[in-house]
Amino acid sequence: MLRRKVTRRELLATASAVAAVPSTARRTYAGISPGSAAIPAILGGQPVRTAKFPRWPLVREADEKAVLPVVRSGIWSRDKIVDEAEIQFARLMGAKYCLATCNGTNAIITAVRSIGIAAGDEVVTTPYTFVASVLPILLANALPVFADVDPETWQIDPAKIAGKINGNTAAILPVHIIGGICDMDRINALASKHKLKVIEDACEAHGGEWRNKKVGTLGDLGCFSFQNGKALTCGEGGAVLGNDRALMDRCYSFHNMGRPYGSIVARNKEGHVMVATKCRMAEYQASILITQMENFNAECARRSENAAYLTEKLKQIPGVVPRKNYPQVTRTAFYYYGFRYKKEQFDGLSRAKFIKALAAEGVRASHGLGVIEGKPINKEGCVEDALGSKAYQRIYPQAKLAAYAAENECPESDRLVQETVGFHQSMLLGPRQDMDDICAAVTKIYENRSKLAASM
Ligand SMILES: Cc1ncc(COP(=O)(O)O)c(C=O)c1O
């Protein structure tokens, strides 16, 4: 537990200061009063809750029953169960075709390479994402070009994308992030106007819908992750969705060492048709994915319902600004739920201290995204490393590389990276009381903000 030892003097001072506040003067936020007399748990008081939030993943008997025969069969490498998982995931998402991969990063690598992105190409994407959205672009020796985010929805801003498109632009790679969905109407309109491909990174957005259509089916290809923490998981895993048979055949061939597949035929009988990799899903992963899919829609609905309730409550607390959705979003989907934390309204209490105080109340939060604190992806070491590499120095004009950092400044994303507080999706899976507890904990910290800012 992240608790600093509190001296007896501090404790008495805190208790008497709080006792001096008449209870009628106490405000409630979000309709919930934790009782401002309550001493923050980090200063030695009682936590708002000690009960655990739902554990993730939810392991059921069905998972065990499905995986055991696969283990016993000894057929562990890609076979019929992966085929079946692909059919079921495509059906669940409303796509014609699905290719399963070993993880989401390789799903994006497969999509980027199969679409033909290569050295000299530019791909417009968001700086407000996890590093795995951008690594596949760099691995192709292409140039990620960052368009800033919309400050309300936190998704890549189509107005900013427009200004980044030039003759070298090959694709747009929107990332549906922190429960939000990108403005796919405007992104697709830009793509068709400039003849660009669209690869959706839906690794955090399984089940989200834009105008009643699932994310991952709105562009040319959509990529998913089934990593342990994701809203649909089999430990590690990924998928590419698409509706174009020939393009999906390329994806299949790419993920299987360039072996011919479907319309992708070898020039000679034994030949491998392309420079490729191997990133196949294993049979036991697929068997768990299939059983996890059985509960997916119900879990997704529960998260959405709880998130909507939480947003209504949290937005009443000063200094807490939940992310908004575009009106075309017909179903939300969460890996992380997020809000902006405005430390100015918490008497300067830093975000890190706020998160620590929240943890002491029994509510675990993070700064979201899995990025190194304070580092949006456009400022990540991997981008700098690629730009300085022999390959990039040869491929791109010096003037372009020299201007890169300044041209890829994204101040809205920088601010957001500093302000995000996120809750893992599993915290949205319990009863409504859990949401009330989250609000009570945030309210308690807000009400004790000056004390916390002074003493932590
Ligand atoms: C936005 C985003 N893209 C890509 C990935 C990569 O997925 P994986 O971890 O399965 O490789 C993740 C996973 O954390 C992600 O959050």
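Colleague: Where does proline 57 lie?

Modeller: Proline 57 is found in the loop between helix H1 (8-19) and helix H2 (61-73). Helices (H or I, at least four residues) and strands (E, at least two) are DSSP runs, numbered from the N terminus. A cis peptide bond, with omega about 0 degrees, joins tryptophan 56 to proline 57. Residues are numbered from 1 along each chain as its sequence is written. The model is a predicted one: local features need pLDDT of at least 70 and side-chain atom pairs count only at pLDDT 80 or more, while totals for chains, interfaces and linings use all residues.

Colleague: Which phi does asparagine 141 have, positive or negative?

Modeller: Asparagine 141 has a positive phi, about 60 degrees, although it is not a glycine. It lies in the loop between helix H5 (135-139) and strand E3 (143-146). Asparagine 141 is partly exposed, since 18 other C-beta atoms lie within 10 Å. The rule counts C-beta atoms, placed from the backbone, within 10 Å of a residue's own: 20 or more others make it buried, 12 or fewer exposed, and values in between partly exposed.

Colleague: Is tryptophan 154 buried or exposed?

Modeller: Tryptophan 154 is buried, with 25 other C-beta atoms within 10 Å. Its place is in the loop between E3 and H6, and its phi is positive, about 75 degrees, although it is not a glycine.

Colleague: Which residues of helix H7 are buried?

Modeller: The general idea comes first. An α-helix has 3.6 residues a turn, so residues three or four places apart point the same way. In helix H7 (residues 184-194), the buried residues are Met184, Ile187, Leu190 and Ala191. Seen down the axis of H7, they fall within an arc of 130 degrees, so they line one face of the helix; the arc is taken from the directions from the helix axis to the C-beta atoms. Ser192 and Lys193, on the other side of H7, are exposed. The buried residues pack against helix H6 (158-162) and strands E4 (169-173), E5 (197-201) and E6 (209-210). Lysine 195, which follows H7, has a positive phi near 55 degrees.

Colleague: At what angle do helices H10 and H16 pack?

Modeller: Two packed helices are described by the angle between their axes and the distance between the axes. Helix H10 (residues 296-314) packs with helix H16 (residues 432-447) at an angle of about 25 degrees, their axes being 10 Å apart. Axes are lines fitted to C-alpha atoms, for helices over the stretch in contact, and angles run from 0 to 180 degrees between N-to-C directions. H10 is therefore roughly parallel to H16, a term for angles under 35 degrees; over 145 is roughly antiparallel, 65 to 115 roughly perpendicular and the rest oblique.

Colleague: Which residues of H10 and H16 meet?

Modeller: From H10, Asn306, Tyr309, Leu310, Lys313 and Leu314 meet Arg432, Met435, Ile438, Cys439 and Val442 of H16. Two residues are in contact if their C-beta atoms, placed from the backbone, lie within 7 Å. Valine 442 is buried, with 31 C-beta neighbours inside 10 Å. Leaving aside neighbours within four places in sequence, valine 442 is in contact with Leu314, Ile317, Val320 and Leu358.

Colleague: How do the axes of H4 and H8 cross, and at roughly what angle?

Modeller: Helix H4 (residues 104-115) and helix H8 (residues 245-255) have axes that come within 9 Å and cross at roughly 120 degrees. The two helices are therefore oblique to each other. Their contact involves Thr110, Ala111, Arg113 and Ser114 of H4, with Leu247, Arg250, Cys251, Phe254 and His255 of H8.
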